[in-house]
Amino acid sequence: MYLTLSLILLMLLAFSPAQTRSIKAVEIHGPKDPGFNSAGDDELSVSAIIERANRDIGQKPEDPTITFGDILVDDGLQNADPCTSRNPSCLWPKNKNGIVYVPYIISNQFCPKEKKLITDILKTFRNSTCIQFVPRDREEDYIHIQNLKGCYSSVGRRGGEQTLSLSRQGCLYKRAVQHEFIHALGFHHEQSRSDRDQHIRIVYENIDPDKKHNFNKVDTNNLKTPYDYGSVMHYGRDAFSNNGQPTMIPIPDQNVAVGRAQEMNANDILRIKRLYCA
Ligand SMILES: [Zn+2]
């Protein structure tokens, strides 16, 4: 009996630290990244991570134009979810075998461990949907994953090379990486949904005037999926707050958790499947 118990204890001791490490993927970063992955990062909402990483974007003329917090503004389709039902569409094309291959190249600014972290996160799409992110061969349209200032992406397939930035200094979290790639698949933020006013109240007095555009609504195709506060595409309760007070209050229950996803959830997966895999 004692032997069995000690054996179980030993196994627990041996396995639990390893499990913790695998969840905290960003621990691969060493002291070269001061301040990165500081204590308490697990508590940060995906939008807090993105806001922190993107706080300096826009201060220099050469900076990209970003809207909605992390969506790259380029010509044409910036409010993009409706682009998925336009012709030509911004969807990534489906192969005859039913798989949607999304080609990417990844910058050598990332070290091998970081590349592995990112590509491992990309495999989570393959595991639950028909989307497969694959290294680019000669495809014309592809995602260029770069270590630029901040975390951001375009919405949907833009044609040609399109930038998806994952700063090494603050974006290499599962939830932030998934979030940016879900943008690249054509999805907008949950709180931008066409029906969001039935589910959240935007508190404009707590938002910087120059950040209010981040709360614009988009005429989204909601794919008959419910509004979901737990989507990895939902920003946190105090996103873009200028005073620490909430900028979004859930309706009708003010106390439900908002924007706390650690990874894409069942509704995020369902939407991707309905858009691409049906
Ligand atoms: Zn976003």
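Helices (H or I, at least four residues) and strands (E, at least two) are DSSP runs, numbered from the N terminus. The model is predicted, so local features need pLDDT of at least 70 and side-chain atom pairs count only at pLDDT 80 or more, while totals for chains, interfaces and linings use all residues. Residues are numbered from 1 along each chain as its sequence is written, and side-chain values use heavy atoms, with hydrogens and water left out.

Select I106 to start. I106 belongs to strand β3, residues 100-106. Leaving aside residues up to four places away in sequence, I106 touches K115, I118 and I145; contact means heavy atoms within 4.5 Å. Between I106 and I145 there are 4.7 Å from C-alpha to C-alpha, although the two are 39 residues apart in sequence.

Next, select the zinc ion. Its protein donors are D70 (OD), D70 (OD), H179 (NE2), H183 (NE2) and H189 (NE2), at 2.0 to 2.2 Å. Donors are N, O and S atoms within 2.8 Å of the metal (3.2 Å for Na, K and Ca); water is not among the atoms, so sites may look incomplete. The spacing of the donor residues in sequence is D-x108-H-x3-H-x5-H. D70, in the loop between β1 (66-67) and β2 (71-72), and H183, in helix α4 (residues 174-184), link distant parts of the chain, 113 residues apart. Both D70 and H183 are buried, meaning under 20% relative accessible area (1.4 Å probe, protein chains only).

Finish at helix α5, residues 266-277, where the buried residues include I269, I272 and L275. The buried residues of α5 pack against β3, α3 (112-128), β4 (131-135) and α4. At the N-terminal end of α5, select N265: this residue is the cap, with a side-chain oxygen 3.0 Å from the backbone nitrogen of N267.

Key: Buried means under 20% relative accessible area, exposed over 50%, partly exposed in between (1.4 Å probe, protein chains only). A polar contact is a pair of N or O atoms within 3.5 Å; within protein, one must be able to donate a hydrogen and the other to accept it, and residues adjacent in sequence count only if both atoms are side-chain atoms.
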